[in-house]
Amino acid sequence: MPFSSLKKRLGLKLSLNDHNWGNDKDNRKAQEGKKPGEGPPDLDQLWRDFNQRLNGLFGGGKNRGSGGSGGGGGDMKGAGITFGAVATVAALVWLASGAFIVQEGQTGVVTTFGKFSHETPAGFNWRWPYPFQNNETVNVSTVRTVEVGYRGSAKTKMASEALMLTEDENIIDIQFAVQYKVKKAFDWLYSNRDAEDTVRQVAETAIREVVGRSKMDFVLYEGREKVANDTQQLMQAILDRYKSGAQVTNVTMQGVQPPEQVQAAFDDAVKAGQDRERQKNEGQAYANDIVPKARGAAFRLIQEAEAYRAMTVQNATGNADRFKSVLAEYQKAPAVTRDRMYLDTMQQIFSNTSKVMVDSKAGSNLLYLPLDKLIAQVAATEARAASVSAPPPAAVLLPEPTTEPNRRDGRSRDSSRDRESR
């Protein structure tokens with residue numbers, strides 16, 4: 001309801017320039033037994049004071065003393081000036097709302113009516129205020145981390161993400177972390193609904209494919225680094241195909257193990273495999289020690305046999321040549337050759353036997369020969385010679401190349417022939 005209609009119903013005067021209006025009011029209050037200033041505030045007086053202040057501020061106070069028509073024109077002019085000032089301030093505030101600051105390491109994305117317009121570098125930037133343009137900032141320098149198979153720590157496992165199937169149809173439990181950065185701010189904001197969840201799903205998909213192409217032992221032991229590298233490459237290819245705007249920097253394997261339900265049996269199998277490898281290594285070490293020795297001994301025996309054969313052949317050849325030379329000399333002078341052969345034979349016999357010298361001039365027919373001492377002396381001499389010249393067990397004792405037996409045989413044959421001729 002308008003304020004003027006309210007005053008008409010209350011029976012009050014409408015003129016704000018009536019100076020007696022306030023006095024009449026005070027008179028009525030006096031008549032009612034109330035003092036001036038007591039009771040609730042007067043809304044009409046408040047409105048009049050507000051208009052007077054505006055007129056004094058914008059020059060409306062000069063026409064205050066004129067008639068009622070002049071006072072109305074001043075109010076309209078002051079209201080127009082006030083509206084213009086308020087509109088100017090509002091416009092300046094609206095234009096200033098388009099300024100924004102992009103911190104170092106961040107990128108600003110500006111959209112016009114919801115459509116991508118351009119990207120802004122770090123520093124002070126300005127865009128058209130709402131509702132024409134809007135802006136968002138994306139941190140492109142921070143390394144972000146997404147966890148797959150666990151949350152926070154390895155003890156907080158996510159079984160639905162961690163359990164995977166290998167190529168040899170075994171189940172394996174894997175927890176790993178993916179570190180990535182934002183390389184394209186626009187793709188990161190608008191190409192996917194939830195960029196971080198997209199990275200997590202891509203990571204899980206990539207590692208399931210890599211593990212599905214590998215054996216369980218390979219993933220558990222020697223293939224961890226290769227699995228991480230293959231997962232990183234496959235993740236980057238999928239993220240680029242989705243235009244996610246993310247750059248994968250590292251994939252870290254936090255834990256790779258069999259499921260907890262079969263952990264004890266798997267440990268037993270691992271220990272058995274380790275024992276098998278240890279025994280194989282011990283057997284290989286023993287073979288590496290024995291086989292070279294056996295090969296060396298065999299090669300030594302072969303060389304000794306070859307040497308014995310060569311020596312025997314050479315001895316036989318030398319004996320044959322010597323016999324031929326002796327035969328030639330014997331044919332030239334048989335008697336001399338026989339005597340020489342006889343003397344050589346006797347020299348060889350007496351040099352290897354003990355000799356006893358007997359003086360026959362004493363004229364005694366009884367001779368005492370210490371046969372026990374002679375026999376003991378001969379036995380001691382033979383034992384000493386055997387200990388000095390004893391060959392090693394693996395050595396082959398070869399006869400010395402000598403021509404004395406042949407000479408002895410030749411002389412014996414010559415002696416027998418001489419006796420027969422006589």
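Me: Which residues form the negative surface patch here?

Reply: A patch gathers residues with over 30% relative accessible area and no salt bridge, like charges being joined within 9 Å. Asp and Glu count as negative, with the charge placed at CG of Asp or CD of Glu. A salt bridge would be a side-chain nitrogen of Lys or Arg within 4 Å of a carboxyl oxygen of Asp or Glu. Areas come from the Shrake-Rupley method with a 1.4 Å probe. In this case E167, D168, E169, D217 and E222 form the negative patch. This is a predicted model, where local features need pLDDT of at least 70, side-chain atom pairs count only at pLDDT 80 or more, and totals for chains, interfaces and linings use all residues. Residues are numbered from 1 along each chain as its sequence is written, and side-chain values use heavy atoms, leaving out hydrogens and water.

Me: Is E169 buried or exposed?

Reply: Buried means under 20% relative accessible area, exposed over 50%, and partly exposed in between. E169 is exposed, at 68%, while E167 is partly exposed at 43%. E169 sits in the loop between strand 9 and strand 10, strands being DSSP runs of E with at least two residues, numbered from the N terminus. E169 also has a positive phi of about 60°, although it is not a glycine.

Me: What is I174 in contact with, beyond its neighbours within four places in sequence?

Reply: Contact means heavy atoms within 4.5 Å. For I174, the partners include V148, A162, M164 and V219. I174 belongs to strand 10 (residues 171-182) and is buried, because its relative accessible area is 0%.

Notes:
Helix = DSSP H or I, 4+ residues; strand = E, 2+ residues; numbered from the N terminus. Buried < 20%, exposed > 50% of the residue type's maximum accessible area, 1.4 Å probe, protein only. Patch = residues over 30% accessible without salt bridge, like charges linked within 9 Å, V, L, I, M, F, W, Y side chains within 5 Å.
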